[in-house]
Amino acid sequence: MSSTSANNSTTRHKPRKRLSREDRYRQLVDVAWQMVRGQGTEALSLGSLAEQAGVTKPVVYDHFGTRSGLLIALYQDYDMRQSAVLDAALQASAPTLNDKAAVIASSYVDCVLSQGREISGVISALAGSPELEQVKRDYNLLFLEKCRDILAPFCASGTVSTVSLWGFLGAAEALSYAAATGEITQEQAKKELFDTIVAMVARHVSD
């Protein structure tokens, strides 16, 4: 056998490097986002993800269990990145209301637009069952409490009411979706959300 043939044989039979569980999970989540981006949430299933990722179905089932588990993982991945962006921007911002409001508004809109329309599909799917809706609600509550802590020092009462925070979140979701679909620009969404936050705090100062 020639040396070339021997080398080719060795290459063909060389075992593929096994990914750690953490790296495999990251790979599957990344491939799932690609599928949602290219085909929509409806095309996402554990079987189709396994095929696209080049792994067996048991590997995908081991990581997510069900399609609902996969959707939850995508939302958790998105929320984790959103929180990281917000935290980093807050640390670099000045301790004024305008700076904090600008960070919250920009971080929220930028994170939604970084996922494009696919995050809207995941959020819509999350509303399809009580289990998935509860996951979204839990993460929303954590985000709102973070915003309350950020804005409280600028309120005469020392806090922002829960009803105001939910109103702000509704505006944030609507403005970000409008920017993602091209109804308004990214900067328009940020500016309107910034004004919403500042006005919300101003009402609590008056109270």
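Predicted model: local features only at pLDDT ≥ 70, side-chain atom pairs only at ≥ 80, totals over all residues.
Residues are numbered from 1 along each chain as its sequence is written, and side-chain values use heavy atoms, without hydrogens and water.

H2 covers residues 21-39; helices here are DSSP runs of H or I with at least four residues, numbered from the N terminus. Its 19 residues should span 27 Å at 1.5 Å a residue, and the end C-alpha atoms are 26 Å apart, which agrees. The expected span is 1.5 Å times one less than the number of residues. After H2 comes Gly 40, with a positive phi near 95°.

## Packing against H7

The axes of H2 and H7, lines fitted to C-alpha atoms over the stretch in contact, come within 9 Å and cross at roughly 100°. H2 is therefore roughly perpendicular to H7, a label for angles of 65 to 115 degrees. Contact, meaning heavy atoms within 4.5 Å, is made by Trp 33, Val 36 and Arg 37 of H2 and Glu 118, Ile 119 and Val 122 of H7.

## Salt bridges

Let's turn to the charged pairs. The structure holds 10 salt bridges, each a side-chain nitrogen of Lys or Arg within 4 Å of a carboxyl oxygen of Asp or Glu. Within H2, Arg 26 and Asp 30 lie four residues apart, about one turn of the helix, and their closest N and O atoms are 2.8 Å apart. Arg 26, Asp 30, Asp 77 and Arg 81 are linked in a network of such bridges.

Lys 146 and Asp 87 also pair, at 2.9 Å from N to O. This pair links distant parts of the chain, with Lys 146 in helix H8 (residues 130-151) and Asp 87 in helix H5, 59 residues apart. In helix H10 (residues 186-206), Lys 190 and Glu 187 are three residues apart, and their salt bridge has its closest N and O atoms 3.7 Å apart. Lys 190 is buried at 13% relative accessible area, whereas Glu 187 is exposed at 53%, exposed being over 50%.

Technical notes: Helix = DSSP H or I, 4+ residues; strand = E, 2+ residues; numbered from the N terminus. Axes fitted to C-alpha atoms, helices over the stretch in contact; angles between N-to-C directions. Parallel < 35°, antiparallel > 145°, perpendicular 65-115°, else oblique. Buried < 20%, exposed > 50% of the residue type's maximum accessible area, 1.4 Å probe, protein only.
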